[in-house]
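Me: I'd like to go through this model with you and ask what lies behind each label. Could you set the values against the cut-offs as we go?

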Amino acid sequence: MMGDLPKCFICGKPANATGSHIVPAWLIAPCVGERDKEESYRISINSGQVDAFYGSANKKNNENAIETEIKEHHYTLDNIFCSNCEKKLGVIEGNLKEHLICSVSENANKSLYSLSSLTSGIPYKTFLKANLNEYLVFWYSIVYRWYIYHLVRSGCNQHIFNVRDVVLLRKILKEFIMTGNINDSAGASKSFRFFVISKLEFDATDPRLIGEFDRNGHNEFYSCQFIIEFYAHSDNFDPLEIPYNELINSADCPPTLILFSNEQWVERIYEL
């Protein structure tokens with residue numbers, strides 16, 4: 001019954017949506033496969049035990065005519081959002097998809113971005129047609145969903161945010177979903193700074209991760225081919241001490257994406 005459902009983590013209405021992705025399905029598809037054909041593995045740091053998950057349309061679900069047990073999807077949760085908030089998040093994700101999956105190859109839609117380099121030589125994109133508020137809310141929502149993931153799966157906030165940060169993130173997401181802007185929560189959005197890292201080109205052998213890590217007083221969120229390095233006001237960060245601070249994404253800056261070389265990407269993954 002509707003009255004027995006938990007409250008939506010964004011608007012507070014009954015959370016009747018199921019299969020909500022912690023990270024958008026298309027964003028992690030290069031790591032786990034297309035929706036319903038996923039193949040993912042979760043490794044316990046404590047025990048070393050490996051838990052495998054196969055999507056409903058994955059042939060490994062019925063290998064050798066043996067019915068595979070029904071398991072919880074590694075990157076989805078039920079009853080964390082209402083159907084309206086889930087739908088609005090899907091619209092935001094769809095609007096950003098063509099910008100984020102657009103590579104710098106010859107076939108890319110180069111009208112979507114400009115390509116520049118820092119004085120250090122590291123290239124980056126500035127997205128020319130992506131809505132700034134939508135870009136911010138897209139990444140905020142992924143960070144917020146990792147908070148929800150830890151809260152639901154383990155019953156605690158882990159180390160991600162203090163209560164103030166959670167309240168501010170929810171305020172931003174709720175206003176944007178309800179009104180399409182973040183006018184009233186503009187001050188809240190200035191409490192967060194982040195930059196996003198990807199790579200010039202990926203191939204099948206490139207290391208990639210899906211997960212969240214606490215490192216050097218801030219959080220890093222790995223979304224397959226993208227890394228979000230996220231700083232909350234409660235971290236007491238100095239913007240000038242943040243790496244690549246020229247490319248920080250905030251309410252005052254255009255949407256950007258840092259493009260690592262293969263060597264830089266591999267080093268970042270393996271230094272965890």
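Me: Which residues point one way from β6, and which the other way?

Reply: Pro123, Lys125 and Phe127 point one way from β6, while Tyr124 and Thr126 point the other way, and all are buried. Before we go on, this is a predicted model, where local features need pLDDT of at least 70, side-chain atom pairs count only at pLDDT 80 or more, and totals for chains, interfaces and linings use all residues. Residues are numbered from 1 along each chain as its sequence is written, and side-chain values use heavy atoms, with hydrogens and water left out.

Me: What makes β6 mostly covered?

Reply: Five of the five residues of strand β6 (residues 123–127) are buried. Buried means under 20% relative accessible area, exposed means over 50%, and partly exposed is in between (1.4 Å probe, protein chains only). Strands here are DSSP runs of E with at least two residues, and helices are runs of H or I with at least four, numbered from the N terminus.

Me: How do you know that β6 pairs with β5 and β11?

Reply: Two strands pair if DSSP finds at least two bridges between them. Strand β5 (residues 113–117) and β6 have five bridges in the antiparallel sense, and three bridges join β6 to strand β11 (residues 256–260), also antiparallel. The bridge partner of serine 116 is tyrosine 124 in β6, and that of lysine 125 is leucine 257 in β11. In the hairpin of β5 and β6, with five residues between the strands, glycine 121 takes a positive phi near 95°.

Me: What makes you say that the charged end of lysine 125 sits over a ring?

Reply: The rule asks for NZ of Lys or CZ of Arg within 6 Å of the ring centre and within 35 degrees of the ring normal. The charged end of lysine 125 is 4.8 Å from the centre of the tyrosine 113 ring and counts as sitting over that ring. Lysine 199 does likewise over the ring of phenylalanine 202, at 5.1 Å from its centre.

Me: Why is β9 called largely enclosed?

Reply: Seven of the seven residues of strand β9 (residues 218–224) are buried, so the rest of the structure largely encloses this strand. β9 is joined to β8 by seven bridges and to β10 by four, antiparallel in the β8 case and in the β10 case. Arginine 215 has histidine 218 of β9 as its bridge partner, and asparagine 219 stands opposite phenylalanine 230 in β10. In the hairpin of β8 and β9, which has two residues between the strands, asparagine 216 takes a positive phi near 50°.

Me: Why is the pair of phenylalanine 194 and phenylalanine 230 called stacked?

Reply: Rings of Phe, Tyr and Trp (its six-membered ring) pair if their centres lie within 6.5 Å; planes under 30 degrees apart count as stacked, over 60 as edge-to-face and the rest as tilted. The whole structure has 17 aromatic pairs. In this one, the centres are 6.1 Å apart and the planes are at 20°, so phenylalanine 194 and phenylalanine 230 are stacked. Phenylalanine 194 lies in strand β7 (residues 192–199) and phenylalanine 230 in strand β10 (residues 227–232), so the pair ties together parts 36 residues apart in sequence.

Me: Why does arginine 268 count as buried?

Reply: Its relative accessibility is 10%, so arginine 268 falls in the buried class. This residue is found in helix α6 (residues 262–270).

Me: How do you know that the side chain of arginine 268 makes a polar contact with that of glutamate 229?

Reply: A polar contact is a pair of N or O atoms within 3.5 Å; within protein, one must be able to donate a hydrogen and the other to accept it, and residues adjacent in sequence count only if both atoms are side-chain atoms. The side chains of arginine 268 and glutamate 229 meet at 3.1 Å, and a further polar contact of 3.3 Å joins arginine 268 to the side chain of glutamate 271.
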